[in-house]
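Try each task before you read its solution.

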Amino acid sequence: GQGIDVPSRTNYNLRGHRSEVTMVKWNEPYQKLASCDSTGIIFVWIKYEGRWSIELINDRNTPVTSFSWSHDGRMALICYQDGFVLVGSVAGQRYWSTMLPSDSTISCGSWTPDDQQVYVATTQGGIIVMDVHGNIVNKVSLMADIPITDLVWNCEKFNMEERDDTTNPFVDNRFNSRLCVLASCFKNGDIKLLRSYDDVSPVLLRTGFQTMF
């Protein structure tokens with residue numbers, strides 16, 4: 001009889017963390033998976049010859065509040081509970097890091113659609129804008145003393161255009177950011193829709209839904 005094609009294995013148990021896993025982030029362009037646990041340990045996993053293994057380990061012994069891959073997949077933004085912010089390459093090289101002022105408690109972070117800036121949101125209801133070198137560009141208050149729980153752009157999560165990996169990662173990826181909208185989500189259920197951090201006429205949505213965390 002005819003041979004039956006056996007589907008490739010799709011379920012894997014990735015063992016390595018020794019405490020609760022708090023977040024996992026997939027990198028589509030590079031086919032890598034980042035996982036963070038409650039102690040602050042970050043593993044970057046890669047599949048090789050049918051098996052998943054740990055490629056990189058990052059451990060500051062401080063809980064991670066946010067992990068975000070850039071849209072081209074080549075950089076990672078990591079925010080820590082103590083205000084430390086780090087941007088590194090997909091291969092593990094540190095590009096820059098900084099410690100934000102103690103009056104700002106980081107809740108989440110996000111890359112702009114062109115990967116030229118990072119937005120770091122705080123539990124005080126503000127956004128800290130930094131450039132690709134870690135310099136603070138601006139600070140804005142979106143809603144005083146209402147924690148921001150998430151920052152989400154409506155653009156494609158990953159830009160899958162082929163690019164030369166030898167070029168500088170800090171270059172315009174030709175994404176038309178003018179067409180993108182940022183949803184800034186607050187703990188009280190409100191959502192603000194903005195074109196950029198300095199949008200003078202954001203749209204406010206009052207959902208009435210309280211977050212569970």
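A polar contact is a pair of N or O atoms within 3.5 Å; within protein, one must be able to donate a hydrogen and the other to accept it, and neighbours in sequence count only if both atoms are side-chain atoms. Bear in mind that this is a predicted model: local features need pLDDT of at least 70, side-chain atom pairs count only at pLDDT 80 or more, and totals for chains, interfaces and linings use all residues. Residues are numbered from 1 along each chain as its sequence is written, and side-chain values use heavy atoms, with hydrogens and water left out.

**Exercise 1.** Find what the side chain of Asp114 reaches, and decide whether Asp114 counts as buried or exposed.

*Solution.* 
- Start in the loop between strand S9 (106–111) and strand S10 (117–122), where Asp114 sits. Strands are DSSP runs (E, at least two residues), numbered from the N terminus.
- Next, look at the side chain of Thr112: a polar contact of 2.8 Å links it to that of Asp114.
- Then go to Gln116, whose backbone nitrogen is 3.0 Å from the Asp114 side chain.
- Finally, Asp114 counts as buried because its relative accessibility is 18%; the cut-offs are under 20% for buried and over 50% for exposed, with partly exposed in between (1.4 Å probe, protein chains only).

**Exercise 2.** Work out which residues Ile148 touches, leaving out those up to four places away in sequence.

*Solution.* 
- Take contact as heavy atoms within 4.5 Å.
- Go through the partners of Ile148: they include Ser107, Cys108, Ala121, Ile127, Leu142 and Phe186.

Methods. Helices (H or I, at least four residues) and strands (E, at least two) are DSSP runs, numbered from the N terminus.
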